[in-house]
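Keep the structure open as you read.

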Amino acid sequence: MKNTGTYNHVLSGVATAYAGTQTGLVANILFPAFRSGVQAGEYPIFSAENMLNVTRLKQRAPGAPYPNIQLEVGKGKFATNDYGGVIPLDNRQKKIYRSNFDADQAATMTLTNTLLINKEWRAKEVLDASGVPTSTPATKWDAVGGNAKEDVKLARRAIRQNCGRKPNEIIIASDVFDFLEDSDALREQFKYTSSESLTPAMLARYFGVEKVTVAEGVTGTAQDGQPISAEDIWAGELILLYTSNVMSLDTPTLGRTFVWNENNSSSGEFSAKSWTENNPGSMHHLLMHDVEEAIVAPACAYRFQNVLT
């Protein structure tokens with residue numbers, strides 16, 4: 001009989017904590033987690049119309065009932081899927097570590113990293129298939145006459161007019177950040193600062209948002225048996241967005257990750273189980289990642305692609 005393991009709340013916490021330390025991955029910004037009590041259900045989809053058409057309240061007469069405030073929104077359906085995996089840890093291998101827990105923790109972090117990269121791939125696939133406004137600059141930003149700041153300014157205005165909220169974050173591909181770091185416009189803007197190089201915080205001030213995150217996710221593209229070939233997941237992109245991790249389905253945000261943990265087995269996205277096997281002697285750790293990434297308010301973002309020549 002196959003061993004299904006027992007829930008390991010400690011390693012669930014290790015996975016959640018480790019995921020929170022990983023910089024350069026942007027799926028959780030695009031699709032912040034929403035912990036659901038069910039594996040499948042409905043969620044509101046926001047359009048420009050229902051985000052901007054706020055009920056106008058009138059003075060209530062004495063004794064009169066209060067008006068019902070109800071958002072008129074579209075409906076989407078989610079059904080989470082488990083993208084988990086198992087990592088076996090041979091008893092002889094575990095002895096290399098100072099303690100069993102050190103070995104278990106290392107295995108969990110390795111598995112978490114795999115799940116995070118897979119989430120990054122899914123995030124890009126969902127965004128590629130979405131209705132988020134997308135364009136390529138008429139003049140590439142590294143070409144004569146290219147103007148990243150003006151293009152972003154126009155997109156920022158479009159989001160505020162269609163989403164009712166000012167965009168609060170920018171996700172920028174590593175290659176685009178590298179170009180801007182050496183661009184004349186940015187050098188001129190910050191020539192009197194003490195910083196020796198451009199930082200995301202400086203770029204946030206330049207573009208007028210609260211935060212800039214550099215997308216550093218890299219993936220191998222070579223087929224089995226071929227020389228390794230690395231490719232940036234988000235190459236050539238800048239994504240301007242309004243994102244919110246408030247646990248309210250009535251709050252607009254670009255997207256959400258619907259998370260379902262069976263039996264409320266974890267407070268984060270990952271739920272761990274562990275068991276032992278005797279042939280060969282080993283400990284097996286399973287990380288379940290039962291999620292679905294979904295676009296909630298496409299008008300809350302603007303995506304620039306292929307911004308460089």
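Q: How many disulfides does a search of the whole structure find?
A: This is a predicted model. A disulfide is a covalent bond between the sulfur atoms of two cysteines. Searching the whole structure gives a count of 1.

Q: Which residues does the disulfide join, and what is the S to S distance?
A: The partners sit in distant parts of the chain, 137 residues apart. One lies in helix H6 (residues 148-163), the other in the loop between strand S16 (290-295) and strand S17 (301-304). They are Cys-163 and Cys-300, with S to S at 2.1 Å.

Q: Is Cys-163 buried or exposed?
A: Buried means under 20% relative accessible area. Cys-163 has 0%, so Cys-163 is buried.

Q: What span should helix H1 (residues 9-21) have?
A: H1 has 13 residues, counted at 1.5 Å a residue.

Q: What arc do the buried residues of H1 cover around the axis?
A: Leu-11, Ser-12, Val-14, Ala-15, Tyr-18 and Ala-19 are the buried residues in H1. They lie on the same side of H1, because the arc they cover is only 160°.

Q: Which exposed residues does the face of H1 turned away from its buried side carry?
A: The buried residues of H1 are covered by elements including helix H5 (100-128), strand S14 (271-278) and strand S15 (281-288). The face turned away from that buried side carries His-9, Val-10, Gly-20 and Thr-21.

Q: Which residue caps the N-terminal end of H1?
A: A side-chain oxygen lies 3.3 Å from the backbone nitrogen of Val-10. The residue supplying that oxygen is Asn-8.

Note on methods:
Residues are numbered from 1 along each chain as its sequence is written. This is a predicted model: local features need pLDDT of at least 70, side-chain atom pairs count only at pLDDT 80 or more; totals for chains, interfaces and linings use all residues. Side-chain values use heavy atoms; hydrogens and water are left out. Helices (H or I, at least four residues) and strands (E, at least two) are DSSP runs, numbered from the N terminus. The expected span of a helix is 1.5 Å times one less than its number of residues. Buried means under 20% relative accessible area, exposed over 50%, partly exposed in between (1.4 Å probe, protein chains only). The arc is that of the directions from the helix axis to the C-beta atoms. Contact means heavy atoms within 4.5 Å. A polar contact is a pair of N or O atoms within 3.5 Å; within protein, one must be able to donate a hydrogen and the other to accept it, and residues adjacent in sequence count only if both atoms are side-chain atoms. A disulfide is a pair of cysteine sulfur atoms within 2.5 Å.
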